[in-house]
Amino acid sequence: MASLQRPAAGGGRAAPGRSAGWIALAVVVLGGAAAAYHYRARLREAAPAPVAPAPVATAPVVSGPLSSQEQVSGTVEYLANDPYVAGATSAPVVDEAQGTLTALPALGQVVAQGQALYGVSGEPVLLLYGTVPAYRDLALGESGADVRELNADLVALGDAAGTGLSAASSTFTEGTAYALERLQAKAGLPVTGGLPLGEALFLPGAVRVAAVEGSLGAAAAPGQAVLETTSSTEEVVAEVDPSLAAQLKVGDASTITFADGTTAPGQISYIAPVATSGQGGGGNPPTVEVDIAPAKASSVRELDNASVQVSIVTASVQSALAVPVTALLAQTGGYAVQVEGAGGAVRTVPVRLGIFDDAAGTVQVTGAGLAAGQRVVVAGQ
């Protein structure tokens, strides 16, 4: 019987099963490490690149004149040329001659200084400029405000050339008589050297015929309205809130914007002293009439009844620091702006506000260390 022999201690070969297990474990460990390495590599490839912070939008602090403006709607209209009926749409021309109406102007006709308004009994009634109405015969030796108007007209029309007549003189002199004879001869009037009541009417300026009240062949009599007239130029009429009207004054600058986008400068020529009931009734709030005269009459010529927008200057400063309204930060008790410094550093500067320029979208500011040329952070860019 063969005897069993065990291997010598510490010698011989390891059991095949145990060796294979260790090899398998090493393969798993190495394989896992490789897989982890490749997974991390893929994560690095898929991860987005770091995003740089968006640049801060800024605008400069500017220095210069600044105006606060209000936008109102208006209509181009001819207005009355009558200092006693401010804001009216037309004014009557009251006859002072006795006789028969023999000539009348056409609707829309413009009559200027020294021209005929209408005719009575075959003779023209002249338009002369002045604010004192004709009320008496004028002759050599008379004096007064009406005589001063006559002298100024004769000088302006060129009939006083060589007479030495002064436009400021309030006395009817030989020079006045001589100049008046020249005017009468040109106009087809009897050459008398005197001015009887009814031969001429004094009105503030050139007029446009808005309506003819009389008719040819009808009787002409003192005190009778013959024509309705307006001024010869158009203005913009706006109806504004009384609180806005209280901030305005005659002479304030404005800008008129037309339907096609073009603009023209103007200024306020009249502000009604009292408010009137809102247009259209029905409980509409009261408004104040404000008239705006264009700097050039030609800018509104032939635009009668056209709708326009008017930007009216309500306040202005000659020199101020200004920033966009979008630069303002609301803070407890006031406002601040963020001023950009070196390297993009931003500091907050409390500011006090002045007037707003709605048209430019800017506001007047004052603050410690704030100066023209600095840049402030703006929102919404």
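**View 1. The buried residues of helix α3 are Gly 175, Thr 176, Ala 177, Ala 179, Leu 180, Leu 183 and Gln 184.** Buried means under 20% relative accessible area, exposed over 50%, and partly exposed in between (1.4 Å probe, protein chains only). The model is predicted: local features need pLDDT of at least 70, side-chain atom pairs count only at pLDDT 80 or more, and totals for chains, interfaces and linings use all residues. Residues are numbered from 1 along each chain as its sequence is written, and side-chain values use heavy atoms, with hydrogens and water left out. Helices (H or I, at least four residues) and strands (E, at least two) are DSSP runs, numbered from the N terminus. Helix α3 covers residues 174-187 and has 14 residues. From first to last C-alpha α3 reaches 20 Å, close to the 20 Å expected at 1.5 Å a residue; the expected span is 1.5 Å times one less than the number of residues. The cover over the buried residues of α3 includes β7 and α2 (145-156), where contact means heavy atoms within 4.5 Å. An α-helix has 3.6 residues a turn, so residues three or four places apart point the same way.

View 2. A salt bridge is a side-chain nitrogen of Lys or Arg within 4 Å of a carboxyl oxygen of Asp or Glu. Lys 186 is exposed at 57% relative accessible area, whereas Asp 159 is buried at 4%.

**View 3. Further salt bridges join Lys 249 to Asp 252 and Arg 136 to Glu 142.** The structure holds 4 salt bridges. Lys 249 and Asp 252 meet at 2.9 Å, N to O; Lys 249 is exposed (54%) and Asp 252 is buried (9%). Salt bridges that share partners join Arg 136, Glu 142 and Asp 146 into one network. In the pair of Arg 136 and Glu 142, the closest N and O atoms are 3.1 Å apart. Arg 136 is partly exposed at 23%, and Glu 142 is partly exposed at 30%.

**View 4. An open antiparallel sheet of 4 strands has the order β3-β11-β9-β5.** β3 (91-94) and β5 (110-111) stand at the edges with a single partner strand each, so one side of each has no neighbour in the sheet. Two strands pair if DSSP finds at least two bridges between them. β3 pairs with β11 (residues 225-231) over 4 bridges, and Val 93 stands opposite Leu 227. Ala 91 and Val 93 form the covered face of β3, Pro 92 and Val 94 the uncovered one. β5 is joined to β9 (residues 207-212) by 2 bridges, with Arg 208 as the bridge partner of Val 110.

**View 5. A second open sheet, of 5 strands, has the order β8-β7-β6-β4-β10 and mixed pairing.** The edge strands β8 (200-203) and β10 (219-220) each pair on one side only. β7 (residues 123-129) runs parallel to β8, with 4 bridges between them. Leu 126 stands opposite Ala 200 in β8.

**View 6. Val 325, Tyr 335, Leu 353 and Phe 356 make a nonpolar surface patch of about 290 Å².** Patches are made of residues with over 30% relative accessible area and no salt bridge; like charges are joined within 9 Å, and nonpolar side chains (Val, Leu, Ile, Met, Phe, Trp, Tyr) within 5 Å. Accessible areas come from the Shrake-Rupley method with a 1.4 Å probe; for residues, only the protein chains shown count as cover. Tyr 335 lies in strand β18 (residues 334-340) and is partly exposed at 36%.
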